[in-house]
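Subject: Handing over a structure

Dear colleague,

I am passing on the structure below, together with some notes on what was found in it. Please keep it open beside this message while you read.

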Amino acid sequence: MSVPQAIGRDGFGPLQYLICLRGIAWREALRFVHQRERFISALVRPLVWLFIFAAGFRQILGVSIIPPYQTYVLYEVYVTPGLIAMIQLFNGMQSSLSMVYDREMGNMRMLLVSPFPRWYLLTSKLLASTVVSILQVYAYLFIAWLWGIEPPLWGYVSVLPALALSGMMLGSLGMLLSSAIRQLENFAGVMNFVIFPMFFASSALYPLWLVQQSSPVVYTICWLNPFTYAVELIRFALYIEIDRLSLAVVVVMTTVFTTGAIIAYDPARGLIARRGGGGG
Amino acid sequence: MSATADLAQRSALDAGLRIDALAVHNVSHAYGPRQALRDVSLRVPQSRFTALLGLNGAGKTTLFSLITRLYDTRHGSIEVLGHPVSREPGQALRLLGVVFQARTLDLDISVMENLLYHAALHGIGSREARQRARAGLAEIELLDRARDAVRNLSGGQMRRVEIARALLHRPRVLVLDEPTVGLDVASRSTILRHVRWLVRERGVAVLWATHLLDEVADEDAVVVLHRGQVLAAGDVSEVVASVGAADMRSAFIALTGTASEGSE
């Protein structure tokens with residue numbers, strides 16, 4: 001017996017919307033599985049930072065007692081939320097790189113000519129990419145646990161919504177950037193101008209009070225950087241706390257970036273239609 | 001059934017058949033200062049093969065981007081079986097199957113996975129999608145390649161998979177942008193034969209963009225697009241007669257002042 005469904009203006013019911021979302025997530029996961037080197041590099045990058053960089057900095061950089069930590073913590077413990085956010089930052093950018101690649105290769109066209117609303121297609125792609133980033137984060141957290149970085153057990157659960165939000169924020173930023181990039185070759189420049197400044201000018205590697213002591217200008221940049229708030233949201237959530245300011249900033253920036261990306265990919269208003277098409 | 005109800009059903013059917021599969025009304029499009037299309041109007045009747053004939057740079061790909069709503073139609077309107085693409089994109093796009101000039105298959109995943117992904121983008125559940133995909137692949141004689149990665153297929157096979165994919169959601173209109181470009185003669189002929197079979201046996205309306213004159217048959221409808229403008233449209237015999245030419249090749253030369261290619 002068939003279950004009656006509410007049918008929308010586009011002729012699709014909720015089940016069809018779910019099928020579409022599942023299909024997009026499935027393809028994202030397939031691509032990730034097929035690109036094993038992408039998974040390995042996604043994991044190796046933060047582990048190199050953890051095993052080498054953090055081990056070296058442990059002796060130089062003292063981290064005093066700052067929330068959410070109740071005691072002095074090792075530098076490896078401090079830097080872990082920053083490295084988690086780095087995984088999501090790279091994943092967001094890599095996902096947008098794949099959108100530029102898809103657009104150049106034409107795969108993106110098949111997504112965009114689906115009869116589902118474009119905002120839904122792009123949001124589904126964003127969700128799918130966020131799920132992939134969360135899987136990477138948990139793989140990293142497992143290895144970090146073996147290395148002796150042990151947040152509270154419930155922290156592994158309470159960090160999940162924070163990861164979903166920060167993954168969405170960084171993924172939507174990548175999506176917005178991908179709409180403005182015409183060719184794959186141009187993406188390297190954007191990576192340099194986005195990933196590295198965002199990562200280094202944040203609280204990922206050093207507490208902001210330490211930055212403020214050495215340079216008020218850099219501190220202001222860090223304070224304005226939305227990546228800082230993604231890091232802090234994850235840091236607090238990992239210790240079963242909510243940093244309200246970080247939560248607010250991440251939610252607002254996710255909304256802004258996602259709306260921007262949807263507008264940019266909208267055929268009526270976006271950047272895509274204003275640029276030249278090729279062919280006959 | 002009463003005679004009145006029967007009459008009403010017949011007239012509804014007639015009215016349905018009178019609606020063009022695809023109608024483009026006075027469409028213009030520019031990229032900044034460059035005008036790609038100027039006041040283009042054309043119609044693709046239901047269950048017919050319509051060739052959109054034009055040289056490279058004529059505006060065919062831009063027109064396809066507008067038909068498929070990759071770009072928004074700012075001037076003029078486009079309807080798929082009476083559904084305006086701008087105002088009812090969902091309804092219009094679900095009736096439309098598309099094969100773009102550039103390859104749009106994901107090379108890293110298998111043929112079947114590509115088809116299932118497309119089915120999901122049209123809200124078709126996996127069991128139904130699998131059945132349709134198998135049937136579609138059997139039709140193009142590639143069922144035995146279902147599990148192969150797409151990158152291992154030849155150019156002609158990829159095109160056939162793209163056509164099977166475009167038909168997976170059972171569209172009533174199929175638009176193909178230069179689908180035979182870069183293919184050998186045998187592959188071109190196979191693809192063209194298959195698409196003509198779809199028109200004849202399935203009643204699919206086809207808009208086939210090409211710059212190759214030998215892909216246009218005498219029984220086709222044809223639209224000649226040149227430098228963003230429609231120079232002639234109608235049945236091949238009408239277009240040929242309208243310029244007093246002996247055949248379509250001469251008609252094309254007379255209309256555009258340039259020769260298209262017979263074959264690659």
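Predicted model: local features only at pLDDT ≥ 70, side-chain atom pairs only at ≥ 80, totals over all residues.

Residues are numbered from 1 along each chain as its sequence is written, chains are lettered from A and ligands numbered from 1 in the order in which they are written, and side-chain values use heavy atoms, with hydrogens and water left out.

Chain A has 11 helices and 0 strands, where helices are DSSP runs of H or I with at least four residues and strands are runs of E with at least two, numbered from the N terminus. Of its 280 residues, 54% are buried, a word that stands for a relative accessible area under 20%, with exposed meaning over 50% and partly exposed in between (1.4 Å probe, protein chains only). The accessible surface of chain A is about 12600 Å², and carbon and sulfur atoms account for 71% of it; such areas come from the Shrake-Rupley method with a 1.4 Å probe.

Chain B, by comparison, contains 9 helices and 10 strands, and 56% of its 264 residues are buried.

Within chain A, the axes of helix H1(A), residues 14–34, and helix H5(A), residues 118–146, come within 9 Å and cross at roughly 45°, the axes being lines fitted to C-alpha atoms over the stretch in contact, with angles from 0 to 180 degrees between N-to-C directions. That makes H1(A) oblique to H5(A), since angles under 35 degrees count as roughly parallel, over 145 as roughly antiparallel, 65 to 115 as roughly perpendicular and the rest as oblique. Among the residues of H1(A) that meet H5(A) are Leu21(A), Ile24(A) and Phe32(A), and the residues on the H5(A) side include Leu121(A) and Val132(A).

In chain B, Asp39(B) lies in strand S2, residues 34–44, and is partly exposed, with a relative accessible area of 49%. Beyond its neighbours within four places in sequence, Asp39(B) is in contact (heavy atoms within 4.5 Å) with Asn26(B), Val27(B) and Ser28(B). Asp39(B) and His75(B) are 36 residues apart in sequence, and their C-alpha atoms are 8.3 Å apart in space.
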